[in-house]
Amino acid sequence: MDRVQVIGGGLAGTEAAWQLADRGIPVRIFEMRPQVTTSAHRTDRLAEIVCTNSFKSTLPETSSGLLKAELDLLGCRLLGVAREARVPAGHALAVDRDEFSQIVTEVIEKHPLIEVERRCQDDLDVDLPAIIATGPLTADTLSMALQSHCSSDHLYFYDAIAPSIDAETIDPDVGFRASRYDKGDADYLNIPLNEEQYRDLIGRLGSAEVVTPHAFEDAKYFESCLPVEVIVARGPDTLRFGPLKPRGLRNPKTGIEPYAVIQLRQESRNGSLLGMVGFQTRMTYGAQKEVIHSIPGLEKATILRYGSIHRNIFLNLPVLCERYQRDRAIPGLHFAGQICGVEGYVECIMSGLIAALSVFSGIGHREMPLLPDDTMIGALMNYIHTPTKNFQPMNSNMGLLPSRRQRGEGKKDRYTRMSRQAIDSMRGYREAHPWLFDDRSRSAA
Ligand SMILES: Cc1cc2nc3c(=O)[nH]c(=O)nc-3n(C[C@H](O)[C@H](O)[C@H](O)COP(=O)(O)OP(=O)(O)OC[C@H]3O[C@@H](n4cnc5c(N)ncnc54)[C@H](O)[C@@H]3O)c2cc1C
């Protein structure tokens, strides 16, 4: 049987390879690291997590919780690893980054049907079937080849990374441990700010020196990952109603909600590394040091990883591809991950899984059955395959699901109802197409 070539051993590529190999299809992964690396990756491991360690909420009535529940029904592999490498973060699924990528690397490298070749793919001249899953930081050579293949300008935006702090260097007397509304096990370290301290921070952020994008590029940011100084530029209170909101975080020392709160989330299993939640930034390293050291409790903090911005490319998928992420011009070529216009770790994993199901269907000379519209995965797939004037990446959100508001129904009840409906539909999909899920390593979810 021909091998499937998977270009890029990131989140989407490893999920796709693992899914195919567990269905008895041999796979070869081309991964360019360590020979060629990106501005965000730090290791040579597969499925490296480049920024926050959070895979977001697990609550089924939230969009990301629903996406996870559907992925579990489809037998997602990387979500299982995320749970193995889980660190405490309330209702969020947060992972120890190193442990996560270490486990995925070991499983993939030991899989009898997967070969990993460390080399950069420079063009589209690949043996088919193939899945291109080279991510938002695709190597320049392949990026140019994709640009001419699409016969249109590359689409792009900027993504920002938040700084991480050495937990031992934080003043233990300043913060308090709690999860918002006491959901979870007090997993966050919260630094309370009074009004004066908040205004001081806003002033510093507003005048901090930033790294500017290239002169020929507009600074287009992804709305749910805005740099902190860009949020500040929208108004002095925007940050206090955004990432620094104090709601549900009563300070046990005073018994009241602070004026604003900076949250730090555990990023390593031993708790030594804490990430500044919502503090993604394009400030220069010098400015980051100055701003962070001005925050109460962080005066002597050691910054183990500085925040940064990165250009993030994606394809005009609705024009380029038919369902599911299948190139219109080159039969047997699929795309997966962030370059398809899905945004977020779990969304990229999902896209890898769907590409694998589509390739698997093609190998068996079948069409992949259409995913139900009322599921989060079906809705996201609809989004990335529907042509629009200004195609932009999308993460899972309840607004994508078709649903009529019922009289007198509150938001929480509506989301719970939509979520139940979606899970039922996805369960039905799985039961209706057993051949698609007849993998050799796991029983049906
Ligand atoms: C700076 C930055 C910060 C982000 N922060 C977050 C965040 O906090 N939360 C979130 O949910 N999402 C975030 N994202 C978005 C996205 O979820 C991640 O980038 C995710 O890892 C994308 O998954 P992927 O599989 O598409 O690509 P990746 O995981 O990046 O995998 C692509 C792989 O392909 C390899 N590769 C690239 N070109 C070639 C080539 N030519 N030949 C061979 N191999 C190649 C790369 O080395 C890499 O291993 C961020 C993205 C960026 C760029």
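**Entry 1: domains.** Domain bounds here come from an automatic or database domain assignment. With that noted, I looked up the division of the protein chain. I found domain 1, covering 4–154 + 315–437, and domain 2, covering 161–311. I kept in mind that this is a predicted model. The contact between the domains takes 19 residues from domain 1 and 16 residues from domain 2. I sorted the domain 1 side of that contact by class. It has 8 nonpolar, 7 polar and 4 charged residues. I also looked up the distance between the C-alpha centres of domain 1 and domain 2, and it is 29 Å.

**Entry 2: the whole chain.** I counted secondary structure next. The protein chain has 12 helices and 18 strands. Its radius of gyration is 22 Å, close to the 22 Å that the globule rule gives for 445 residues, so the chain is as compact as a globular protein of that length. I noted the span of the C-alpha trace along its principal axes, about 65 × 50 × 45 Å. Buried residues make up 47% of the 445 residues. I then took the contacts with a separation of 6 or more. Of these, 72% link residues 24 or more positions apart.

**Entry 3: around the ligand.** Which residues are closest to the ligand? I found G8, G10, C51, G135 and G337, in a surrounding set of 36 residues. By class, the shell divides into 17 nonpolar, 16 polar and 3 charged residues. I asked which elements supply at least two residues each. They are α1 (11–22), β8 (155–161), β15 (308–314) and α10 (345–363). Helix α1 gives the most, with 3 residues.

**Entry 4: helix α2.** I turned to helix α2, residues 63–73. Of its 11 residues, 10 are buried, so α2 is largely enclosed by the rest of the structure. I listed the buried ones: S63, S64, G65, L66, L67, K68, A69, E70, L71 and L73. I noted that the charged-class residues K68 and E70 are among them. What covers the buried residues of α2? The cover includes β3 (54–57), α3 (77–84), α10, α11 (376–384) and α12 (411–432). Just after α2, I found G75 with a positive phi of about 80 degrees.

**Entry 5: a sheet with β3.** The order is β3-β5-β4, with antiparallel pairing. Strands β3 and β4 (86–87) stand at the edges, each with a single partner strand, so one side of each is left without a neighbour in the sheet. I checked the join between β3 and β5 (residues 92–95). There are 2 bridges, and the two strands run antiparallel. The bridge partner of S57 in β5 is A92.

**Entry 6: L155.** I picked L155, which has its place in strand β8. L155 and L315 are 160 residues apart in sequence, yet 6.2 Å apart in space, C-alpha to C-alpha. Leaving aside neighbours within four places in sequence, I found L155 in contact with I313, F314, N316 and F391.

**Entry 7: N395.** I found N395 in the loop between α11 and α12. N395 is buried, with 21 other C-beta atoms within 10 Å. I looked up its separation from C321. N395 and C321 are 74 residues apart in sequence and 19 Å apart in space, C-alpha to C-alpha.

**Entry 8: backbone details.** I looked for cis peptide bonds. One joins R33 and P34, with omega of about 5 degrees. P34 lies in the loop between β2 (27–30) and β3. Another joins L128 and P129, with omega of about 0 degrees. P129 sits in the loop between β6 (114–117) and β7 (130–132).

Q325 has a phi of about 60 degrees and lies in the loop between β16 (321–322) and β17 (326–327). Q325 is buried, with 31 other C-beta atoms within 10 Å. H365 has a phi near 55 degrees and lies in the loop between α10 and α11. H365 is exposed, with 6 other C-beta atoms within 10 Å.

Methods:
Residues are numbered from 1 along each chain as its sequence is written. This is a predicted model: local features need pLDDT of at least 70, side-chain atom pairs count only at pLDDT 80 or more; totals for chains, interfaces and linings use all residues. Helices (H or I, at least four residues) and strands (E, at least two) are DSSP runs, numbered from the N terminus. The radius of gyration is taken over C-alpha atoms; the globule rule is 2.2 Å times the number of residues to the power 0.38. A residue is buried if 20 or more other C-beta atoms lie within 10 Å of its own, exposed if 12 or fewer, and partly exposed in between; C-beta atoms are placed from the backbone. Two residues are in contact if their C-beta atoms, placed from the backbone, lie within 7 Å. A residue is near a molecule or strand if its C-beta atom, placed from the backbone, lies within 6 Å of it. Two strands pair if DSSP finds at least two bridges between them.
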